[in-house]
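Here is a short report for a first look at this structure. It starts with the ligand, then turns to helix packing and the backbone.

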Amino acid sequence: MKPPSVFELMRRFDLDPKKSLGQNFLVDESHLARIAAAADLSPADTVLEIGPGLGVLTRHLAAQAGRVVAVELDDRLIPVLQELFADQPHVSFVHADILQVDPASLIADDKVTRWQGDKVIVGPSPQSPVPSPQSPVPNPQSPPYKVVANLPYYITSAVLRHLLEASQPPTLAVVMVQREVAQRIVAGPGDMSLLAIGVQFYAEAKIVQKVPAGAFHPRPKVDSAVLRLDVRPQPLVADAQPAWYFEVVRAGFGQKRKQLRNSLAAGLGISKETTEAGLIAAGIDPSRRAETLSLAEWGALAKGVGEEIGRLRD
Ligand code: SAM
């Protein structure tokens, strides 16, 4: 039987999309199928979906993954989703703001249900309430998980950062974002931005699908794209500490279009001489601009300049 469309569901449950929550529902079945396919799901996988909305993507995930936990902020949608998936015990819904919860703990603390081919294994109920990000201690019970989502665009960068910097990040994320944001994230040296570096430090990023505005209801003002982020087992620049790395990168981008010798000295509060020496030691011409550096060059710089700042601040 054909599954109900977004329009039928909105009529049946008397719902209007909430613009303030970024509710642009994906109505094109072929795009939904391709998003799920990009995540290479199998019954061994646990999926965390952010913003299930009316469950149209959830349906595809539920058909392929062993377990789906979906986090939705709109309280109107939780009973709807529970009714729609009542006969699928391997799918569960959490009413929460994704930015306020530790993603891996959602997987660990949720009722454990697994679907294996034709049988469902139901485990114990949750022992503790949904944890907050203030307790980011890795939960030893959390299995590896993938994130698949048609993200609410108003929090795209915040969500990506929240996932990638989590105590236990996903192994893979397949996310729909605004196309221009996707292009900025996958950029190479010459077009790098803080966002691109922030994501590529943790994951290999590529665009797997372009999605036109007409594939959504209501139709957004912008086109979209699906990003696949293969999260690295170790951040790319292994010998630079993330704290230094990002302090140096932020300083470099702090004053747009300035030469690095100036932006870094101003942003890090160190002399131009020290900055130039650090840049030259890392093999980087001090007159270059932040957007031209590769991740490896930022790594070399963060290591040299970071150690120097450390000495100066001690
Ligand atoms: N997955 C559905 C689809 O593809 O049609 C809906 C996607 S819609 C672009 C984004 C969804 O994220 C909405 O259902 C919205 O209510 C939800 N949402 C917005 N902010 C959220 C947040 N902070 N945490 C969790 N869900 C959120």
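## Contacts with the ligand

In glutamine 23, a polar side-chain atom sits 2.9 Å from an oxygen atom of the ligand. This is a predicted model. Tyrosine 154 also uses its side chain: an N or O atom there is 2.9 Å from a nitrogen atom of the ligand. Isoleucine 98 uses its backbone instead. One of its backbone N or O atoms lies 3.1 Å from a nitrogen atom of the ligand.

How much of the ligand does the protein bury? Taken alone, the ligand exposes 590 Å². The protein buries 99% of that.

## The shell around the ligand

There are 23 residues around the ligand. Gln23, Gly51, Glu72, Asp97 and Asn150 come nearest.

What classes of residue make up the shell? It has 13 nonpolar, 6 polar and 4 charged residues. β1 (25-26) and β3 (67-72) each supply at least two residues of the shell.

## Two helix pairs

Two packed helices are described by the angle between their axes and the distance between the axes. Take helix α2 (residues 29-38) and helix α3 (residues 56-64) to begin with. They pack at an angle of about 45°, and their axes are 9 Å apart. That angle makes α2 oblique to α3. The crossing of α2 and α3 is right-handed.

The other pair is helix α10 (residues 260-268) with helix α11 (residues 272-281). Their packing angle is about 120°, with the axes 9 Å apart. Angles of 65 to 115 degrees count as roughly perpendicular and those over 145 as roughly antiparallel, so α10 and α11 are oblique to each other. Their crossing is right-handed.

## Backbone details in two loops

Where is the cis peptide bond that involves proline 218? It runs from histidine 217 to proline 218, with omega near -10°. Proline 218 lies in the loop between β10 (216-217) and β11 (224-231).

Aspartate 14 is another residue to look at. Its phi is positive, about 55°, although aspartate 14 is not a glycine. Aspartate 14 belongs to the loop between α1 (6-12) and β1. Strand β1 is also one of the strands that supply residues to the ligand shell.

Key
Residues are numbered from 1 along each chain as its sequence is written. This is a predicted model: local features need pLDDT of at least 70, side-chain atom pairs count only at pLDDT 80 or more; totals for chains, interfaces and linings use all residues. Side-chain values use heavy atoms; hydrogens and water are left out. A residue is near a molecule or strand if one of its heavy atoms lies within 4 Å of it. A polar contact is a pair of N or O atoms within 3.5 Å; within protein, one must be able to donate a hydrogen and the other to accept it, and residues adjacent in sequence count only if both atoms are side-chain atoms. Accessible areas come from the Shrake-Rupley method with a 1.4 Å probe; for residues, only the protein chains shown count as cover. Helices (H or I, at least four residues) and strands (E, at least two) are DSSP runs, numbered from the N terminus. Ala, Val, Leu, Ile, Met, Phe, Trp, Tyr, Cys and Pro count as nonpolar, Asp, Glu, Lys and Arg as charged, and the others, Gly among them, as polar. Axes are lines fitted to C-alpha atoms, for helices over the stretch in contact, and angles run from 0 to 180 degrees between N-to-C directions. Angles under 35 degrees count as roughly parallel, over 145 as roughly antiparallel, 65 to 115 as roughly perpendicular and the rest as oblique. A crossing is left-handed if the near helix is turned anticlockwise from the far one by less than a right angle, and right-handed if clockwise.
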